[in-house]
Amino acid sequence: MNALKFITCGSVDDGKSTLIGRLLVDSRSVLQDQLASVTSAGAHGADDEVDLAALTDGLSAEREQGITIDVAWRYFNTQARKFIIGDSPGHEQYTRNMVTAASSADAAVVLVDATKLDWADPALKLLPQTRRHSLLVHLLRVPSIVVAINKLDAVENPTVAFEHIRAALEGFAAEAGIPLKAVVPISALKGYNVVTAADGWAGYQGPSLLDLLEHLPNTVAETELPFSFAVQWVEKFSSSSDTSQGRRVFWGRVTTGGVQVGQTVRVLQGPQGTGQTATVAQVLDHARQPHAVLAGHSAGIVLDRELDVSRGDWLLAVDASAPGADEFDEAPASPIPVAREVSATIAWLDNEPLVPGRVYWALHGHRWVKAKVRRIVHQIHIETLAETDATQLPPNAIGVVELVLQEPIATLPYTRSRGLGALVLVDTASHATAGAVMLH
């Protein structure tokens, strides 16, 4: 199986860094000198104590404050699989870091701290950040979502606490349409159900968290969609007298579909969104070997003639049923729609509220275009999931908006394509990431 890239998320101090430290230590993925640097002698002859969170909190500010600020990536492997873990921050003000990590993850482990909840109440309420992060990983199409209820070793009745918290989580997930792979009771500090299953603990009879992670699927590449390719870098041959094809290689990653020699493609560029067609003369993989390349892999594409193609332009599939075009005609239509006006769900990440009329930079693939917020359709409230009218979106809110773009872009709904359906809004003055946009 391929390496699984997953993140941990949830409210602040739910034990995300400790959980990752436990995974690293119990899977024996920590060197002895690293372990020694975070180990202190126990008091009065007790066993040595390991500060598990210190294994992942790499910034000095994180160690000083005892919180996670940026996403920390760690790597480990078991006999069954390799893993890439992203420890994302729980504070609301760092939600943008969590969104960045989740956008490319195969799975998400949402942690819930049992000691912060009224676990004895069958109708308990979840923390807002637990609900927010669960909604965001679902909206970002993270394929597998697992919930780990942590610190059950610190409550009086772990079985009752697990039963009530799991019921609250499953009720919220059903209401929000979030598919949960599993809900697991754990103690990251003690190691219960993290690497080794603690049979019957907290009334749970099931696999450990690591067992679950070893069998989760990777994100499926979008190979069934029409071909699309965002040009990231243009390489010119240093010397070539061959005029039977273009003399530049367009490098990037195939976003959707696949590309092969002989395929007709359309260039999407310019304010009008129109481009010309060309035939693919060569396809190189990441090692410069010639063969077809599918979505999710890097490719170098050489066209059969010279066209003005730059970083940020797109190469798109051409509708096979459309009439052909010669080099002086506009290209026939692509099966991938091109639009300047879009509707989208947005996770607002800026410190300043989103208001209609503001103009931002929008990043689509490697292309920057100006985007104006035409209107806010509604806001989705974290607590109730109700959709209410809004004149602005406050920081860390989720809502639906309409955008008008200065230039057309190739679009598919985010529910179909993570690559074509995503935009990032950036403030034109501060250059701060302002919003994560998922197109409808």
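Modeller: Let's begin with the open sheet of 6 strands, ordered β4-β5-β1-β6-β7-β8 with mixed pairing. Strands here are DSSP runs of E with at least two residues, helices are runs of H or I with at least four, and both are numbered from the N terminus. Two strands pair if DSSP finds at least two bridges between them. At the edges sit β4 (72-77) and β8 (182-185), each pairing on one side only. From one strand to the next, the twist averages 25°; axes are lines fitted to C-alpha atoms, for helices over the stretch in contact, and angles run from 0 to 180 degrees between N-to-C directions. Within the sheet, β6 (residues 107-113) and β7 (residues 144-150) run parallel and are joined by 7 bridges. A108, for instance, has I145 in β7 as its bridge partner.

A word on the ground rules: this is a predicted model, where local features need pLDDT of at least 70 and side-chain atom pairs count only at pLDDT 80 or more, while totals for chains, interfaces and linings use all residues. Residues are numbered from 1 along each chain as its sequence is written, and side-chain values use heavy atoms, leaving out hydrogens and water.

Now the part I'd zoom in on: α6. This helix lies across β6, β7 and β8, running at about 155° to β8. Just after α6, G177 takes a positive phi of about 70°.

Which residues of α6 are buried? The list is P158, A161, F162, H164, I165, A168, L169, F172, A173 and A176, where buried means under 20% relative accessible area, exposed over 50% and partly exposed in between, with a 1.4 Å probe and protein chains only. Their cover includes β6, β7, β8 and α5 (128-139).

Look at I165. Setting aside neighbours within four places in sequence, I165 is in contact (heavy atoms within 4.5 Å) with V112, A114, L117, W119, L124 and I149. I165 is also named, with F6, I7, V137 and L152, among those touching the most other members of the largest nonpolar core, which has 74 residues. Such a core is a set of buried Ala, Val, Leu, Ile, Met, Phe, Trp, Tyr and Cys residues joined through side-chain atoms within 4.5 Å. The largest share of this core, 8 residues, comes from α6. Apart from it lies another core, of 23 residues, including I376, A397, L405 and V437.

Towards the end of α6 (residues 158-176) there's E175. Is E175 buried or exposed? E175 counts as exposed because its relative accessible area is 55%. Beyond residues up to four places away in sequence, E175 touches T384 and L385. E175 and T384 are 209 residues apart in sequence, yet 9.5 Å apart C-alpha to C-alpha.

Elsewhere, a closed barrel of 6 strands runs β9-β10-β15-β13-β12-β16, with antiparallel pairing. Its neighbouring strands are turned by 45° against each other on average, direction ignored. β9 (residues 228-236) and β16 (residues 314-317) pair over 3 bridges, and A230 has W314 in β16 as its bridge partner.

Of the contacts between residues at least 6 apart in sequence, 69% join residues at least 24 apart.
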